[in-house]
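Below are some notes for a colleague who has the coordinates open. They are arranged by topic and can be checked one at a time.

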Amino acid sequence: MYPAVGEREALASRRGKSSTGTVPDNNKEATHGQRQAIPEMHSVTTREHRGEAMNSRARRTHKPLVASFVAAVTVVSLTTLPGATPRIGAASAATLPTLSTVSRQFQPSASNSATAKSVTVSCPSGQQVIGASGFIGSGAGKVVIDELYPNPSLDSVTVSGKEADPTTASWTVNAYATCADPPSGLEWNEGVSGSSAANDKSATAGCTSTTKVMLGTGMDIVGGQGEVSTYSIKPLVDGAGRPDSVTASAAENDPLPSTTNWELHSFAICADETAVDGALVVTADATPSTLGTAGVTVHCPAGHIATGTGFDIANGAGEVNLSALDPGGSTSSAPDRSSPYAYEEDGTANVWTLSADAICVQS
Ligand SMILES: [Ca+2]
Ligand SMILES: [Ca+2]
Ligand SMILES: [Ca+2]
């Protein structure tokens, strides 16, 4: 149900590489700056340990961060247009299977102006990740989400932010993990684009069997240096309307040198179709606009919870960046929505459209 050992080692090797001497200079500086700001992290090397090291300090700032994020979104008036018709899955049994104890765990990073930083949130003991999302706080429109990364063993989510252009703003990166008692057949699947200097790439990940459904998504940009941003994490459905795969897409928001290669990874978290009922994807479009920012929310139908999130920016020309993907819910209640928020990095005359996708199952 989990990737073969060889695959995991390959991933560990890839990810290890990105935190050692092979990273670009600006990333090394960012790491150095972050360590100065967070001295207790000096000797900590793994993602999991970093998350634990930041736990206590970060929790103290949880409520103010959420409040300021909500306030920021409210100011620009979220547009909610129910733009899609829910498609109900084929399965319908007398006794409906359901996920249990679904919650949204949250972890903010320290607030500072380090060029890049990451934060990891873990699921409660005994639970596993079914969806990955997060947001940038107070990024002044200059910080991109570099990864929404569910780890291969599905016990934590790491979210990274990188400054697209230098900013003196003090910003945070914030991780959301949607967690649940592990459903049967839970699996982590990865799709990888080629590594090249091409400035627009996609990667598709899917469930390993038609008898599985996709619950959640994730993505990771490797080597983008903050100059690459994701413009789509699109859940796809099978002939019966059940989510079974995801395509992530990313593009350069400013041109990288023609010698700089980067790649995109996408993640599909799936479980046996017998573990859930009524899996579907709902979508809502914001009003097409040339405004500098936009947000949109889609809620799952009544009687459903949201297990995963997605979004899409159409016609953004690579200049429109995701800064938030919020699933709703709380540490004691299940997510129920997908709320992406996006902004123009340097401005574009394009009329672009933000849409929100929520992966839902019956509760
Ligand atoms: Ca800075
Ligand atoms: Ca830039
Ligand atoms: Ca740009």
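This is a predicted model: local features need pLDDT of at least 70, side-chain atom pairs count only at pLDDT 80 or more; totals for chains, interfaces and linings use all residues.

1. The largest nonpolar core has 82 residues. Those that touch the most other members are V129, V157, A177, M214, I269 and C360. Beyond four places in sequence, C360 is in contact with L280, V282, C300, P301, H304, I305 and A306.

2. On confidence, the mean pLDDT of the protein is 80, and 74% of the residues reach at least 70. Over residues 1–94 the pLDDT stays under 50. The model still has 119 contacts beyond four places in sequence for residues 1–94. I would treat that stretch separately in any reading of the model.

3. The protein contains 19 strands and four helices. Of its 363 residues, 52% are buried. Among contacts with a separation of 6 or more, 79% are between residues 24 or more positions apart.

4. One open sheet has six strands in the order β2-β5-β4-β9-β12-β7, and their pairing is antiparallel. Its edge strands, β2 (116–122) and β7 (187–192), each pair on one side only. Ignoring direction, neighbouring strands of this sheet are turned by 25 degrees against each other on average.

5. How many bridges join β2 to β5? There are seven, and the two strands run antiparallel, with β5 covering residues 156–163. Within this pairing, K117 stands opposite G161 in β5.

6. β2 is an edge strand, yet seven of its seven residues are buried. A116, S118, T120 and S122 point one way from β2, whereas K117, V119 and V121 point the other way. Both sets are buried. In a regular strand the side chains alternate between the two faces of the sheet. K117 deserves a look here, being a buried residue that stands opposite G161.

7. β8 pairs with β11 (residues 243–252) over seven bridges in the antiparallel sense, and A205 stands opposite V246 in β11.

8. Strand β19 (residues 353–362) holds L354. Is L354 buried or exposed? L354 is buried because 27 other C-beta atoms lie within 10 Å, where 20 or more are needed. Its contacts beyond four places in sequence are A286, A294, V296, F311, I313, P340 and A342. A294 is 60 residues from L354 in sequence, but their C-alpha atoms are 7.0 Å apart.

9. I359 also lies in β19. I359 has 33 C-beta neighbours inside 10 Å and therefore counts as buried. Leaving aside residues up to four places away in sequence, I359 touches M214, L215, G216, P235, P243, V281, A306, T307 and G308. One of these, T307, is 52 residues away along the chain, with a C-alpha separation of 5.7 Å from I359. M214, also touched by I359, is one of the core residues named in the opening point.

10. Most residues other than glycine have a negative phi. T101 is not a glycine, but its phi is positive, at about 55 degrees. T101 lies in the loop between α4 (62–75) and β1 (103–108). T101 counts as exposed because it has 12 C-beta neighbours inside 10 Å, and the cut-off for exposed is 12 or fewer.

11. Q225 is the other case, with a positive phi near 55 degrees in a residue other than glycine. Where is Q225 found? Q225 is in the loop between β9 (212–222) and β10 (228–237). Q225 is buried, because 24 other C-beta atoms lie within 10 Å. T101, by contrast, is exposed.

Note on methods. Residues are numbered from 1 along each chain as its sequence is written. Chains are lettered from A and ligands numbered from 1 in the order in which they are written. Two strands pair if DSSP finds at least two bridges between them. Two residues are in contact if their C-beta atoms, placed from the backbone, lie within 7 Å. pLDDT is the predictor's confidence in each residue, from 0 to 100. Axes are lines fitted to C-alpha atoms, for helices over the stretch in contact, and angles run from 0 to 180 degrees between N-to-C directions. A nonpolar core is a set of buried Ala, Val, Leu, Ile, Met, Phe, Trp, Tyr and Cys residues joined through C-beta atoms within 7 Å.
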